[in-house]
Amino acid sequence: MSRLSERPGEVIDRTRPMDFSWNGKPYRGYAGDSIASALAASGVRVFSRSFKYHRPRGILTASFHDPNLMVQVGDEPNVRAGHRLVEEKMEVSAQNAWPSLGFDAKGVNRLLGRFLTPGFYYKTFMSPRSLWPWYQRVLARFAAGGVVGVDPQPGRYDHRYAHPDVLVAGGGPAGMAAAIDAAEAGAAVILVEEEHRLGGHLRWGDSDDLGALEELSAAVLSHPGIEVMVDSVVTGRYDHNWVAIAQRGVEGVDERLVKARVKCLVVATGTIERPYVFEGNDLPGVMLSTAVRRLINLHAVRPGERAVVLSANGPGDSAIADLEEAGVEVAEVIDARGDDTVIKASGRMGVQGVIDSRGRRHDADLLVTAVGWTTTTTLLNMAGDRPMYEPRAARYLSKSLPYDVLATGGIVGDGSTDQLVQHGTAIGREAARRASVVKFQWLTAVPTGVTRQPPDTSEIEVPPLEAERHPELFRSSTHGFVDYSEDVTSKDLFAAAAEGYDSMELAKRYTTVNMGPIQGKLEAVNAVAIHGEATGSSPLETSTTTWRPPYAPVSLGVLAGRQYEPVRYSVIQPWHERREAKPLVAGSWIRPEHYGDPVAEVTAVREAVGIIDVSPLGKIDLRGRDVPKLLEFVYVNKWSKLDVGKVRYGIMCNEDGVIFDDGVTGRLGADQYMMSSTSGGAAGVWNWLDDWLQTGFPDWDVKMTAVTDGYASINVAGPNSRELVGRLTEIDLRPEAFGYMEVRTGVVAGVPGCFLWRIGFTGELSYEIHVPSAYGLWVWERLLEKGEDLGVRAFGIEAQRIMRLEKGHFIVGQDTDGLTQGHGMGVDWAIKLDKPDFAGKPELMWQAERDDYRRLAAIQTEDPAIVPPEASQIVAGDVIKGRITSSRMSPTLGRSICLGQVDPDLAAPGSRLHIRLSDGVTVAARVLEHHAHFDPEGTRLRG
Amino acid sequence: MLVILCPHCGPRNSDEFSFQGEIVARPGPASDQETWRDYLYMRDNVAGWQTERWFHVSGCRRFLNVERHTVTNEIGVVTPVGGVQ
Ligand SMILES: [Zn+2]
């Protein structure tokens with residue numbers, strides 16, 4: 001093979017040489033060369049070794065879908081050398097060839113071929129089982145594929161959303177025409193082409209083709225309504241025309257995933273030329289007609305010296321002219337439209353001779369086959385189409401498409417460039433029209449007050465594009481390779497059929513045909529036809545193939561993209577940052593875990609006063625006459641007699657009786673309530689309330705507003721909290737005026753519109769101040785300033801968790817799990833089964849009749865220094881009797897403390913427990929009388 | 001990713017919605033166990049058209065009755081529970 005003088009349609013830039021290496025040796029190509037064309041121009045013929053038999057392989061299709069052109073580029077394996085453009089200093093090497101392409105030690109497999117029969121893996125590497133690790137090592141060395149770089153990749157990937165009216169997949173003549181006319185009709189169009197340039201088969205055509213190409217591509221590229229994506233691939237079409245495109249060549253990123261919601265999809269993906277199955281069909285030098293036309297006309301590469309051509313169609317005949325023009329001697333043309341065919345290609349490292357069906361031998365180093373086309377129906381299949389095989393044209397044709405998907409070009413039928421363009425033009429106009437119908441439906445789904453012109457409802461007439469008659473040519477009288485990637489031959493398919501694999505789906509899995517990196521694009525039709533021949537059936541006529549996304553391999557990087565995960569911060573965050581708070585991820589919130597010394601923070605709260613930012617606490621403003629009814633329904637306890645100024649604790653259960661949230665709700669006015677939920681449960685509680693109000697009790701007078709972000713929340717806790725809060729507000733804080741579990745509204749630090757409630761998660765006297773959030777930081781800083789002499793200190797989540805555990809307060813989701821129903825958590829008093837109805841009531845009723853559920857218990861180890869890790873099992877012999885749900889070293893008590901769920905027979909106060917630690921050691925513990933390890937009477941918080 | 005024509009917000013991607021599944025009527029709180037657990041756990045799982053509940057949680061926050069073909073994902077009539085608000 002060698003470089004030709006300038007060709008009219010060549011895509012290489014001879015003024016820009018590219019120096020690169022192949023297996024460590026220097027090579028030179030030109031800008032615009034694919035790796036394969038640059039190497040072929042320098043005489044390289046063998047590009048890879050086959051997967052199982054390590055046979056030498058060369059150019060077959062010269063395109064992205066060439067199974068023989070997988071190479072390693074730098075630390076990137078499995079690069080498609082028929083597609084990837086050569087770059088300066090690129091380091092390219094062969095995969096799966098050791099020690100070299102020329103002398104391949106593993107090529108001895110060819111001699112062992114008769115052992116590598118279908119089902120080889122199942123049969124050979126089954127027993128003895130003890131040798132599996134050894135088999136794995138052997139197979140790994142023989143497996144195809146390159147080497148993955150283990151260093152982190154510097155690549156950058158992006159995601160983008162697009163909303164085109166019309167998306168055209170495929171930039172051949174019909175696709176370009178469709179894009180132009182859709183855009184002319186006013187549609188916003190995206191045109192996606194897998195190759196580096198628009199044009200499809202026109203690119204390697206004659207001067208008329210090149211003229212048409214120039215005209216069409218100039219119209220496409222200059223049209224403001226068309227966005228062109230080349231070197232990009234539509235990888236999938238999902239429900240409602242949700243289309244994924246892997247886009248390359250975007251400045252600043254290696255690859256981009258475009259997620260497009262397409263109003264009308266035009267599939268113009270054309271056809272892929274099919275290989276022919278015969279003895280020696282995988283020898284380097286056996287090429288498809290499109291491969292030689294690409295090599296000659298796009299890359300100015302002479303593909304051989306002396307050729308035999310097997311042609312069954314017009315494009316195949318055109319290849320003969322191209323070969324002659326390129327100075328290749330055409331030794332013989334075998335017309336496959338008659339009875340003649342090829343029986344065998346022979347040679348060692350490449351074709352040396354061809355034997356035809358008349359028994360004649362022709363000396364040749366190149367055998368070109370043009371035996372048929374496979375329609376690229378992948379996207380049609382994904383759109384719900386079930387293309388059927390048409391024997392007259394020897395290809396699959398579309399059966400039915402949804403309203404928002406159209407097809408044009410070679411996937412529909414054959415024709416002159418003019419006919420293809422006319423078809424594409426009509427389809428493009430129809431696509432724009434259908435897009436406008438969809439758009440109208442979308443724009444008028446909601447009344448807007450804007451009058452819109454209804455779309456044209458008369459379909460555009462599309463001229464016929466018939467699939468030409470074509471002989472059915474799949475296999476000669478000899479056996480050859482069906483699946484090049486997987487090294488599966490027609491003989492293997494016959495053997496599988498003889499072994500009883502009479503279903504193609506089973507034969508596929510048994511032989512692994514269609515299962516390699518090309519995923520059946522080249523070989524599926526041949527495989528089905530030959531399997532039919534072997535089983536005496538005609539499965540092509542009855543089968544349809546399922547094509548799943550992605551159409552072509554996509555990188556993991558582009559799927560991952562750049563991750564933008566939003567996080568939430570309290571308005572007090574600037575202060576936390578200044579004090580170098582240790583950040584804690586709590587759901588979507590980033591919160592201060594502590595400010596350096598959680599134990600000292602606990603001590604400050606217990607002995608003086610502390611403040612904690614609890615802004616993420618869920619807050620829902622409820623107004624209306626029927627709020628008490630709502631509260632009665634969503635909480636397990638009673639709410640009808642909550643006076644203005646009072647606060648009550650409540651538990652919410654799902655309809656299966658499982659606890660899903662808890663919190664307090666206060667009555668701020670006659671018809672005004674404020675509900676709080678856990679931080680993590682805020683969204684769920686809001687949704688739960690909305691659900692009942694909208695679907696259960698739409699007549700209730702309840703207005704609900706989520707105000708979690710509307711208020712910054714600060715809990716002021718500790719014996720000095722009354723003194724501190726009193727310095728900032730006129731609200732009467734005396735115990736007789738503002739008692740435990742009460743709420744007041746008023747001005748705090750000059751900020752009006754605050755509400756405060758007295759609750760005690762930490763077990764201390766405490767006021768939770770809720771401030772309009774714009775003033776949150778202001779009030780926080782005033783508290784610290786005014787409380788300096790009182791020993792005020794900010795505390796974080798960790799100190800709060802220690803204190804609530806000392807106090808025996810459970811946390812939903814920590815001390816409960818997805819099966820924990822209402823009873824048994826120490827709050828049975830709050831479950832009012834005498835209420836007529838509430839969410840989860842029947843299950844809680846039935847639970848109360850049982851006694852088999854676990855109880856929450858305060859637990860202390862005998863050895864006060866041992867803190868059993870959370871989730872440690874409580875055991876009796878080998879039986880699991882419960883688990884530790886929370887544990888800490890208590891700075892207040894100077895010993896370890898736990899909460900845990902235990903079986904009923906071990907839940908009584910004083911019960912002795914055994915806790916198994918992670919190292920297998922079991923430690924003794926006992927159940928306390930109260931959940932509170934500290935101040936069980938609650939004198940501190942009621943003070 | 002489906003498109004759901006929300007009667008309040010127009011055509012929106014289905015990831016803005018929370019899928020609530022088949023619409024099941026809540027039996028009374030005095031139901032027997034079998035009736036109640038049917039309500040909690042048993043679904044018809046039809047292959048074909050069904051009316052199901054979607055919650056436009058990241059949009060208008062309205063609960064919607066959506067006709068959907070469970071095989072083709074075709075969407076039919078979408079109506080807000082309790083009418084357009
Ligand atoms: Zn909506």
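Me: What makes the values here computed ones, and how is the numbering set?
Reply: This is a predicted model, in which local features need pLDDT of at least 70 and side-chain atom pairs count only at pLDDT 80 or more, while totals for chains, interfaces and linings use all residues. Residues are numbered from 1 along each chain as its sequence is written, chains are lettered from A and ligands numbered from 1 in the order in which they are written, and side-chain values use heavy atoms, with hydrogens and water left out.

Me: Which residues are the protein donors of the zinc ion?
Reply: Cys6(B) (SG), Cys9(B) (SG), His56(B) (ND1) and Cys60(B) (SG) lie 2.0 to 2.3 Å from the zinc ion. A donor is an N, O or S atom within 2.8 Å of the metal (3.2 Å for Na, K and Ca), and sites may look incomplete because water is not among the atoms. The donor residues follow the spacing C-x2-C-x46-H-x3-C in sequence.

Me: Why is the arrangement of the four donor atoms around the zinc ion called tetrahedral?
Reply: Four donors count as tetrahedral if all angles lie between 85 and 135 degrees. The angles at the zinc ion are 105 to 115°, so the arrangement is tetrahedral.

Me: Is Cys6(B) buried or exposed?
Reply: Buried means under 20% relative accessible area, exposed over 50%, and partly exposed in between (1.4 Å probe, protein chains only). Cys6(B) has a relative accessible area of 0% and is therefore buried, whereas Cys9(B), with 29%, is partly exposed. Buried residues make up 44% of the 85 residues in chain B.

Me: What makes Arg3(A) and Asp33(A) a salt bridge?
Reply: The term requires a side-chain nitrogen of Lys or Arg within 4 Å of a carboxyl oxygen of Asp or Glu. The side chains of Arg3(A) and Asp33(A) meet at 2.6 Å, N to O, and the pair is a salt bridge. Arg3(A) lies in strand β1 and Asp33(A) in the loop between β3 and α1 of chain A, so the pair ties together parts that are 30 residues apart in sequence. Helices (H or I, at least four residues) and strands (E, at least two) are DSSP runs, numbered from the N terminus. Asp33(A), at 0% relative accessibility, is buried, and Arg3(A), at 22%, is partly exposed.

Me: How many salt bridges does the rule find across the interface of chain A and chain B?
Reply: The rule finds four across this interface. In one of them, Asp690(A) pairs with Arg61(B), the closest N and O atoms being 3.1 Å apart. The largest share of the side of chain A that touches chain B, seven residues, comes from α18(A).

Me: What is the area buried between chain A and chain B?
Reply: Buried area is the accessible area (1.4 Å probe) that two parts lose on being put together, summed over both. Between chain A and chain B this comes to about 2500 Å², of which carbon and sulfur atoms give 54%. His240(A), Gln694(A) and Trp846(A) supply 24% of the area that chain A buries against chain B, more than any other three residues.

Me: How many residues does the contact take from each chain?
Reply: Contact means heavy atoms within 4.5 Å. The contact takes 27 residues from chain A and 33 residues from chain B.

Note on methods
Four donors count as tetrahedral if all angles lie between 85 and 135 degrees; four count as square planar and six as octahedral if opposite donors are over 155 degrees apart and all others between 65 and 115; anything else is irregular.
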